[in-house]
Structure formats: structure tokens, C-alpha cells
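Colleague: I'm new to reading structures, so please take me through this one slowly.

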Amino acid sequence: MLKKITTVASVVLLSALTACGSGGGGGTSSSSGDTITMGFAQVGAESGWRTANTKSVQDEAKAAGIDLKFSDAQQKQENQIKAIRSYIQQKVSVIAFSPVVETGWDTVLLEAKRANIPVILTDRSIDSDDTSLYKTFLGSDFVEEGRKAGDWMVANASGATNVVELQGTTGAAPAIDRKKGFEEKIAAKPDIKVVASQSGDFTRSGGKQVMEAFLKSQPKIDVVYAHNDDMGLGAIEAIKAAGKVPGKDIKIITVDAVKDGMQALANGEINFIVECNPLLGKQLMDLAKKVVKGEQVPERVVTVEGTFTQEQAKAALPQRQY
């Protein structure tokens with residue numbers, strides 16, 4: 001979520017997305033003719049959500065006739081910066097990337113701007129005072145996702161409730177914002193306390209490891225709030241190994257709604273999931289074509305997403321695409 005954007009000036013319907021308007025700009029293609037070349041620097045493959053996101057980008061680039069140059073940063077910012085500089089040297093038409101963390105991008109994005117190569121942020125935002133370094137942001141409202149999780153917590157808490165939080169990658173926009181939104185909502189109910197909070201790095205193994213530590217260090221845990229399904233699934237493994245019943249002895253709230261998480265919800269091992277849609281490929285390709293042509297694009301494109309209870313997960317699973 002873009003930190004510096006605080007208001008929405010107008011609403012645009014764009015393939016089931018809502019957005020606010022701004023200006024665009026053009027770049028220079030490294031391919032012959034009218035073919036658009038996109039350099040895409042992905043975070044990594046840390047979760048089921050990310051795998052679905054990568055596949056969506058790759059499939060939709062092919063469908064749109066866009067020449068995609070793809071790199072996997074393995075969750076390291078230095079790898080993404082190196083990839084972006086490589087794309088600049090190759091004179092791609094447009095650069096898109098999902099930032100590993102929010103800060104530290106101004107220098108390399110200024111290089112792209114000076115090379116007249118437009119940049120699109122996808123899934124995650126950056127924290128920069130210079131919003132001219134990118135043309136648009138396509139992704140979720142992570143603070144709102146945290147609020148939805150917090151609303152469920154407040155509605156379902158009874159008396160004193162101890163929550164442990166499995167945070168995403170330290171410094172990443174979804175980790176910062178999902179924590180912020182959740183805390184904002186549970187503040188209305190002082191009996192709900194976050195007694196421990198630690199990063200599981202958005203991975204299943206990380207969620208399991210941190211949950212194992214929480215189970216040893218915390219005398220009473222009522223609820224796990226995991227910033228993504230994979231960490232929640234890791235927590236389930238740890239809870240079972242400790243002889244407790246996930247979803248009953250310890251309730252679990254997660255974010256994403258990928259198939260594995262939805263199945264756990266349907267099975268009663270997770271209690272509530274906030275959706276975060278990874279299928280951004282088509283919208284990304286549409287935006288890329290526009291910025292390369294110099295057309296106006298929304299300054300921010302926020303995906304429309306819902307939430308799932310156990311019964312809703314059971315109904316949705318047969319048609320779930322990710």
C-alpha cells in the first residue's frame with residue numbers, strides 16, 4: 001500500500017478493480033517493432049500466494065504478446081536492484097516489480113526514470129517521498145486486510161484473549177500494514193492483547209519455527225494471527241505437535257486464501273481467512289501497455305477482495321484458481 005497516498009480522487013472500474021487517477025509516461029522498447037518488453041523482478045517463491053502470482057504474470061504476459069524478462073530475487077533486495085539495473089541496461093519498455101521491502105529504492109528507480117523507462121509497482125508498495133519514480137501501484141490494501149482480521153477478532157473474542165502474531169518479512173509493506181490494521185481494530189477491546197509478535201518471513205517453515213518458540217515461551221495462547229496462509233499452516237503443524245487442536249484449542253486467523261489455506265479453513269483448522277488476490281497478471285499487462293504508450297493510468301489500483309469463514313471456504317474451493 002502506498003504510504004504517501006491518503007485520498008482517492010476518483011473511482012475507475014478496471015477489470016473488477018477500484019482506483020484513483022494520475023498521469024503516465026512512456027519508455028523505450030528493446031524489441032523490434034511494436035513488441036513491449038517487460039522486465040519483472042519478483043520477490044521470490046516464498047509462499048503458495050507468490051507462486052500463483054508469478055504464474056499469473058507469466059501466463060498473462062504471453063497472452064498479451066509481451067516479451068517478459070523474469071527474475072527471482074530470492075527475497076533479497078540486492079538481487080532485485082541488480083535485476084532492475086540489468087533491465088535498464090537492456091533498455092526494456094517497462095519495469096515491474098514487487099519490492100522485497102519498502103525502503104531503499106530511490107537510487108535505482110531514479111536511474112530508470114533518467115533512462116525514460118516507466119516503473120510499475122505490483123503487490124507491494126515503496127516508502128519514498130518521490131512518487132514520480134513510478135507510474136502506478138497495483139495491489140491490495142494491506143491495512144484494510146489487517147482491519148478485516150481485527151474485526152473478526154473483536155467480534156469473536158470472549159473475555160481476556162492472548163494473541164500471538166506471525167509477521168511477514170521485516171520491512172515489507174504487507175507485514176507493516178497488516179500489523180497496523182489489526183492493531184487499529186483490536187484497540188477497541190482492551191481484553192485482546194498481542195502477547196508476542198515475530199517474523200516468520202512469510203514461509204511455512206518460518207511460521208512453524210516461530211510458533212514452536214511461542215508455544216514454549218507463552219503460558220496461554222488463544223489465537224494466532226498469521227500475516228499469510230503459509231505461516232498459519234506452519235503454525236498448525238507446531239500446534240498439533242504440541243498436542244493441541246488447531247482451530248479449537250488455539251484459533252487461527254490468516255491472510256491470502258490460497259488453496260491450502262482454504263482447505264485448512266474448510267477442515268476447521270483455520271477459523272477465518274482474509275483474501276489477498278495474487279492474480280494480478282492481466283491488470284499488470286493492461287497497465288504496462290498504457291504506460292508505454294504514455295496514456296494516463298490510475299495512480300493506485302486496489303484489488304477488490306473478501307473474507308472467508310469455514311462454510312464460505314467449502315463453497316469456494318471447487319472453483320478456486322489459486
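**Notes on a predicted model**

Colleague: What is the relative accessible area of glycine 294?

Modeller: Glycine 294 has a relative accessible area of 39%, so it is partly exposed (buried is under 20%, exposed over 50% and partly exposed in between, with a 1.4 Å probe and protein chains only). This is a predicted model, in which local features need pLDDT of at least 70 and side-chain atom pairs count only at pLDDT 80 or more, while totals for chains, interfaces and linings use all residues. Residues are numbered from 1 along each chain as its sequence is written, and side-chain values use heavy atoms, with hydrogens and water left out.

Colleague: Where does glycine 294 sit?

Modeller: Glycine 294 is in the loop between helix H9 (281-293) and strand E12 (298-303), where helices (H or I, at least four residues) and strands (E, at least two) are DSSP runs numbered from the N terminus. Its C-alpha atom is 9.3 Å from that of proline 118, although the two residues are 176 residues apart along the chain.

Colleague: Let's look at strand E2. How many of its residues are buried?

Modeller: In E2, which spans residues 37-42, six of the six residues are buried. Thr37, Gly39 and Ala41 lie on one side and Met38, Phe40 and Gln42 on the other, and both faces are covered.

Colleague: Which strands pair with E2?

Modeller: E2 pairs in the parallel sense with strand E3 (residues 67-72) over six bridges, pairing being at least two DSSP bridges between two strands. Glutamine 42 has aspartate 72 of E3 as its bridge partner. The chain goes from E2 through helix H1 (residues 48-64) to E3 in a right-handed β-α-β crossover, which is to say that, with the strands pointing away from the viewer, the path from the first strand over the helix to the second runs clockwise. E2 also pairs in the parallel sense with strand E4 (residues 94-97), over four bridges, and there glycine 39 has isoleucine 95 as its partner.

Colleague: Switching topic, which residues touch the most other members of the largest nonpolar core?

Modeller: That core has 31 residues, and Val164, Leu166, Met211, Phe214, Val224, Met262 and Ile270 touch the most other members; a nonpolar core is a set of buried Ala, Val, Leu, Ile, Met, Phe, Trp, Tyr and Cys residues joined through side-chain atoms within 4.5 Å. Among the elements that each supply at least two residues of this core are strand E7 (161-167), helix H6 (204-217) and helix H7 (229-241). H7 gives the most to this core, with six residues.

Colleague: Last one, which residues line the largest cavity?

Modeller: Among its lining residues are Trp49, Arg50, Arg178 and Asp256, and H1 and helix H5 (173-186) are the elements that give two or more residues to this lining. A cavity is a set of points on a 1 Å grid over the protein atoms alone where a 1.4 Å probe fits but cannot get out, and lining residues have an atom within 4 Å of a point.

Terms used
1 Å grid on protein atoms, 1.4 Å probe; cavity = no way out; pocket = protein on both sides within 12 Å on 5 of 7 lines; lining within 4 Å.
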